[in-house]
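Hi everyone, thanks for coming. I'd like to walk you through a few spots in one protein chain, so let's get it up on the screen.

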Amino acid sequence: MTPSPSPSLTDLLHAAVTAVGGAERPGQVSMAQAVAEAIGATRFIDQDDGGGEAKGEHAHLLVQAGTGTGKSLGYLVPAIAHGERVVIATATLALQRQLVERDLPRTVEALHPLLRRRPEFAMLKGRSNYLCLHRLHEGVPHEEEDGLFDPFEAAAPLPGQATSKLGKDLLRLRDWADETETGDRDDMTPGVSDRAWGQVSVSSRECLGASKCTYGADCFAEAARERAKLSDVIVTNHALLAIDAIEGAPVLPGHEVLIIDEAHELVSRVTGAATGELTPGQVNRAVRRAAKLVNEKAADALQTAAETFERLMELALPGRLEEIPEDLGYALMALRDASRTVISAIGSTRDKSVQDEDAVRKQALASVENVHAVAERIVEGSAYDVVWYERHDRFGASLRVAPMSVSGLLREKLFTERSVVLTSATLKLGGDFNGVGASLGLAPEGMAEKAGANDPTMPRWKGLDVGSPFDYRKQGILYVAQHLAQPGREAGRADMLDELTELVQAAGGRTLGLFSSMRAAQTAAEELRGRLDTPILLQGEETLGELIRTFAADPQTCLFGTLSLWQGVDVPGPSCQLVVMDRIPFPRPDDPLMSARQKAVEEAGGNGFMAVAATHAALLMAQGAGRLVRASGDRGVVAVLDPRLAKARYGSFLRASMPDFWYTTDRNQARRSLAAIDAAAKASE
């Protein structure tokens, strides 16, 4: 009997798109074909699409897919068709949920009759995202600061009652533990505070391990790992992907294909995972946890080192430490040596008088090991690390260390032994992929083949921009207020606030205000609340989710805020017809990590400003401008109240990174257009 032919990619994509109630788009088809080719699924590529034989090396692909392209199906269909295990890493909870709860179930069902198999899929996160049954039932190992009472007992002095927000959260968690199948924090609605969750969760370092834990057989985190091992598609996040790459001990099952969605976020997430921090509170906590487990001499040495470090941190001024001051160096060496001694002592002594000894020991060891690792890293003084002090009004001073660049790490850990597809609506900055590619450790596009031939460790890749189904030039206007004064360091620019007021009036509300600082957002909100009757919502006054829901529900409302709004708002329709950026979002001149990276590029003979500051700003502006057009019927204006976008030499680079809106510097044109869009929206309401 002749076997039936394999289904074509076109047939598979059509089935999946139909299942989710969508329509095929040229960009989506182009993306799916490119992904199939990159991961070696050539048998699923139509014969006439130019696909050739699969190469014997891993191919990598960067795909820019604009809003509305349907990029999730653009990579899911070829990845599932390929037949090998695939890991999908996203940056946001919203996309993880969309994939696991909507896109994957429908796609699997749609492809099942054609592929004659039903791929399994699962979500996997870091251990601290799952409820720990040991913590829930046995409690947090007691410390001097909070060991006087059981938080669950204190939460409910009378049956069914709780005395505080923490107490109520803890009681809800105890009830939820009996209901949940996953133990995943994000499945709990409504959620609980970080403090409450910290009482019932553990990090991977604090975990006793399934074999030693009384509750190991029912562990939610272990169950999630087992599901992942048996799955064909694993949905995870950038943070866990970073840990998998950095720590060397794999936390993700082996896989042939890696797809990174929201890839514009990857470098910052990996940098965050590779950043170490020391604070006096953190060090003192390690001392308290270890004191009851080691001999008096070892405990006293760590206590003395902690006190010296705390005294120095009281005098710390924010900023980069290009050289470690002598007194700080001695303090860190003392911390390093004392913590090393404590680690050895914890491992060699047992004390059955300590209640829940294994958990207490594991928690103490995790705290002291972190102190040792960060202190040792800073003392070693790698030329590839940046060290700086930070000071927070609420939390005090901290000492931080981060890699100057993660490009080498990503090149080595990410692009070997698997095919990688990176996709986002914003990967081309200034008109090409080279800026993002360089941050990932990739040679410039067009030179990758040559570089790979000379250096086998240099990944070979190609970039593809599949565009957007939206007609940006007809749907949106980019207005730059070039008549305004160049912004300085102050938050309340009078001419900018006047311009903003007039624009919001012309738009009839309907405004998303993206500000470069929280202080600027607060100043603008207070000022416009005094000038206009339009409701002004301000980030921080309610939860972000509630603010966005209110903004979407009332078209006359405005929403002002900072960084998370630049990338996290999806409000199609008449509620968002004006997106305002108060200034070009360059990193702060005193940002230790950004300024260090800029200086390093300059010392290597490059243009540090363009490679670091302008690239950072371009990414944010592309993301911010992308908030305007979210559906085919959307119309509106992106207004940038910073004349440098029109006048400065780097302005064209920034504009080329944004959607291709119709461009103007005519303030009257902008107002007339907003008024017309407002009138049309009101007529249809």
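I'll talk about a helix pair, then some aromatic rings, then one more helix. Keep in mind that this is a predicted model.

Okay, start with helix α24, residues 592-603, and helix α25, residues 608-625. Their axes come within 7 Å and cross at roughly 150°. Anything over 145 counts as roughly antiparallel, so that's what we call α24 and α25. Who meets whom? On the α24 side we've got Met594, Arg597, Gln598, Val601 and Glu602, and they meet Gly608, Phe609, Ala611, Val612, Ala613 and His616 in α25. Sort that contact by class and you get six nonpolar, three polar and two charged residues.

Where do the two sit in the chain? Phe609 is in helix α25, while Tyr650 is in the loop between α26 and α27, 41 residues apart. Phe609 is partly exposed, at 25% relative accessible area, whereas Tyr650, at 15%, counts as buried. Elsewhere, ring pairs link Phe470, Tyr472 and Phe661 into a cluster.

Last stop: helix α20, residues 494-507. With 14 residues at 1.5 Å each, it should span 20 Å, and its end C-alpha atoms are 20 Å apart, so that agrees. Its buried residues include Met496, Leu497, Glu499 and Leu500.

Conventions
Residues are numbered from 1 along each chain as its sequence is written. This is a predicted model: local features need pLDDT of at least 70, side-chain atom pairs count only at pLDDT 80 or more; totals for chains, interfaces and linings use all residues. Side-chain values use heavy atoms; hydrogens and water are left out. Axes are lines fitted to C-alpha atoms, for helices over the stretch in contact, and angles run from 0 to 180 degrees between N-to-C directions. Helices (H or I, at least four residues) and strands (E, at least two) are DSSP runs, numbered from the N terminus. Angles under 35 degrees count as roughly parallel, over 145 as roughly antiparallel, 65 to 115 as roughly perpendicular and the rest as oblique. Contact means heavy atoms within 4.5 Å. Ala, Val, Leu, Ile, Met, Phe, Trp, Tyr, Cys and Pro count as nonpolar, Asp, Glu, Lys and Arg as charged, and the others, Gly among them, as polar. The expected span of a helix is 1.5 Å times one less than its number of residues. Buried means under 20% relative accessible area, exposed over 50%, partly exposed in between (1.4 Å probe, protein chains only). Rings of Phe, Tyr and Trp (its six-membered ring) pair if their centres lie within 6.5 Å; planes under 30 degrees apart count as stacked, over 60 as edge-to-face and the rest as tilted.
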